[in-house]
Amino acid sequence: MKQMLAGVLVVLLLGSAGRAAADPIVAQFWYSFGGKNREVTESHIKKFNESQSKYRIEGTFQGDYFQALAKIRAAAITKTAPAAFHVVGEALPNLWQAGMLESMEEFAKGPNGTDLADFVPGLTQAGYFDYLGKQAAPLFALPFFRSTPILYYNADMLAAKGVKVPTTWDELRSAAGKLTVREGSDTKVYGFEVPVDWWFWFGLLHQGGGTLMTPDGKKAAFKEKGQEALQFWVDLVNRDKTMKQPPGKDYSAWEVANTDFINQRVGMIFTSTAFLNYMTENAKFKVGTAFLPARVKAAVPTGGTYFVLMKDAPTPQKEAGWAFIKWMTDPEQTISLSKATGYMPVRLSAINSAGMQSFYKDNPNYKVALDQLRNAQRFPFSPALFDIQREVIQPNLEAAVLGTKTAADVMTAADQKANEIISKYEK
Amino acid sequence: MASRRARRDAWLGYALVAPSLALFGLVYLYPVAYSAYVSVFEWDLMTPKRYVGLANYRVLASAEFGEVLVNTALYSGGVVALSLGLGLVLALLLNHRGALSAALQGCIFSSYIVSWVAVSLLWIWMLDPQYGLVTYGLRLVGLRPVNWLGSPSVALWTLVLVTVWKTLGYPLVIYLAGLQAIPGDFYEAADLDGATGWNRFRFITWPLLSPTTLFLVVTLTIASFQGFDIVKIMTQGGPVTSTMIYVYYIYEQAFQYFRLGKASAAVVIFFALILLLTLLQWLVFRKRVQYTT
Amino acid sequence: MTHPNPLVRWLTVLGLLVVAAVEVGPYLWMVATSLKDLPSVTQFPPSLIPSPPRWDNYAKAWQSGPFLRYFVNNVIQTAAILVLQLFFACTAAYAFAKLRFPGRDLCFVIVMACLIVPPQVRFVPLYILFSHLGLVNTYAALVLPYAVSALGTFLIREAFMQISDDIVDAARVDGAGLFTVIFGLMVPIARPTIVAFSLFSVVYHWNDFFWPLVMTTTDAVRTLPVGVSMLREEGTGARWHIIMAGSMFVVAPVLVIFAVAQRHIVRAFTFTSLK
């Protein structure tokens, strides 16, 4: 009897142990894009799940970027947040300081670790941020879909008008003038178009030699050079009348600029390298790409999102989340993600691989953003960064371009508000 | 006997109303109370709340908030007036049986049931001051292009027009119904008295439509005060702040800037203001409504 | 429409046709776009009829997510909301219109106050509440917050108030039960109002994208509009042809219902009651 019981017990234990070993640890990955990016991500999630049996990742769409951020925070309150999600760089300092994110240092060095040295320096967390003289934050974010703005130009249009690809602000100005086509009081073709948006303004700010904050991060420093950047747009739109300001804030303006470019209503635009696939597939002309024009120096911001882990998630789910993030940033995956979307690969070994090298040879446009990384400018690692972007700069730029305020007034007010926000966080 | 019945009725009344009230309290009033609570803090939904007393309300007593109120009133007023006017005219014209009439009604109604996302892109393209269809049409008749969505002085009215265009099917259907509910006897009597078309309208149609009109004023006002999708998709409150209306303002404060305290204070203020306005509107209009009894 | 002057008649017809064209044009454009390929969508001047029509856009949209489940969820959500709204509104409206009890008008004012609270304001507190109750990602999260309608209660109360007390009393004297009185007698008389309100509710909730998105974190109970919003792409270029195809899945059912029900809707209003 006892032997039988023991036998049953052993079978039960083995059986349950076997089942436990077979049950994968399930973790959620929340993402905030749709369309092609979503398809690509979902197919990779499926591949990850099929490639191993220890973890299973469930990916879900959570709305646009802001809806997702709101839901993450609400979910954090009720302790139902996902293990992993992705977020734009500007929001990272905020989230880190609030204690929402888990450090990845141990994971990276652990048994399922990753070779941090192989990551493209300009695309990593350390390459994105200026730690303002303070101690660097530990690793808590790995690059996901990363991009830089580039200059797209209608190569056929430029060739037809004998216009050289501009490399400086002055050249951009004169090129825009030559490309603009007017009929009476109507402008049939604009020379240049760019969404009046924080991201591009940040680039112009640095191209003029300015920075967002002082090196210690205690005060705003963008007033003068930010005004010059804004004034550049104001002049192009209102004085030269060679630049079209696409209507709408956020992504509507970006979509209008893209559509205008494809429809040959504009000769040159600034927008993300992420649209390169889209442009090449849909333009009925030769699409050229180049660095953003320089002024005092060449400078670009980087953009896109990072993978992060939620601190409050249970440990097994964090492990699962890490395994997924690590896998997604492995050279093989970063190549397939990049090829499918147009975002940049995040690993040096991936870029140097024979496959990518020959891809770049055949498609030189894709290399532009990568090469431009040497001009990448860092963002200050300050919790005020997100607020300054969303509240202080982004909504107020267009007032100057529309002529309801002067660039000087806009920047003076912005400078003051930014300092208020910074001092609020300093407390 | 009567008082027993009265007491029974009272209990019945409570019994019938209680479940509704409970649900209203939970899903509508609790969030407002929650907002009132959050409105005295500064909160980004992430870090602990920071008590700031009435600071959020003081911040709101600003030109920016005043502009939001004005924009909302203008948007709502424009939408209601145009919807009622156009809806009524169309209903009068389409108020007869026939395939053409039914087909036209269907056409007008089709835009009402389509979602905003689907048509907003088209409107953005059609209104483009460079090559939009509307711009093209304006040029054909010799007018200068207008920067419909990009000009602060015009954008709000553009949204009014697009909203009216999209929701026209609703007042049309309701007015048609109201018209067809008017007993023919009234018109026959008027004809016997030799009434003209305008008089028929003024003394029979319009007064007898007043319940319908009230119905539409109330529903359209409420719907337009909650206008959000069109702003979110087409202008995001811009250019500058010219299309910033109530719900979008709160959404922006709460979910773009993560200033939940300020957003909550705005909620409380609006709630109080509009409650007043709705009661006023109701009291004023119900005196003018005539029933056929 | 029966103006004696033929010129006026023709001009009126012309005007109406213009209005109809303006109203239905964008809908037709949506249909056309859903059948194009991407370069044709963004080209200007736009082509009207795609050739060949790309029916595979519909397949792509449908397969981009669990669209069948979304469709079923959408039906369940919209129907459940409507049924609950009508039930609660009719019962409460009867009490407000025909019964007397202390505090009745105060209760009614409270209901009216709820008219002004938009979903963006309700999201955070209700999400947190429902999350604590474990109801996120359930039909309850989609339906309960809309189970009662202040608008419906207000409108049906108005309609009930127009029904003479004598009729109601007569029915009750005849021994009719409460629900018979409300749903058997008064609702048919108030049919126009109820139909008008139902229209409003169905169109709003069928197309609602915001609430089903923010009250769910997984696909389990999500609805079609959320599915369509997932087709939008903000990072690498929008594929409008597929987005429009997806939107058609949302529009088509309601359009069909309206086409079929149009006569009935209008007939509902011509039921001239004992006014």
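How many residues of chain B are in contact with chain C, and how many of chain C with chain B? I began with this question, keeping in mind that the model is predicted, and I found that 68 residues of chain B are in contact with 68 residues of chain C.

I then looked up which elements of chain B give two or more residues to the side that touches chain C, and noted α1 (2-38), α3 (63-94), α4 (99-113), α5 (116-126), α8 (169-180), α11 (210-225), α13 (246-256) and α14 (260-288). The largest share of that side, 21 residues, comes from α1(B). Sorting the residues of this side of chain B by kind, I noted 53 nonpolar, 14 polar and one charged.

Next I turned to the largest nonpolar core, which holds 297 residues, and saw that W201(A), L230(A), M268(A), F324(A) and I250(B) touch the most other members. Domain 1 (2-147 + 303-375) and domain 2 (149-301 + 383-426) of chain A both give residues to this core, so I place the core between them.

Last, I looked at chain A as a whole, where I counted 20 helices and 13 strands. Its radius of gyration is 24 Å, close to the 22 Å that the globule rule gives for 427 residues, so I describe chain A as being as compact as a globular protein of that length. I also noted that 55% of the 427 residues of chain A count as buried, and that, among contacts in chain A between residues at least 6 apart in sequence, 74% join residues at least 24 apart.

Definitions and conventions: Residues numbered from 1 in each chain as written. Chains lettered and ligands numbered in written order. Predicted model: local features only at pLDDT ≥ 70, side-chain atom pairs only at ≥ 80, totals over all residues. Core = buried A, V, L, I, M, F, W, Y, C linked by C-beta atoms within 7 Å. Buried ≥ 20, exposed ≤ 12 C-beta atoms within 10 Å, placed from the backbone. Domains from an automatic or database assignment. Contact = placed C-beta atoms within 7 Å. Helix = DSSP H or I, 4+ residues; strand = E, 2+ residues; numbered from the N terminus. Nonpolar A, V, L, I, M, F, W, Y, C, P; charged D, E, K, R; others polar. Rg over C-alpha atoms; globule rule 2.2 N^0.38 Å.
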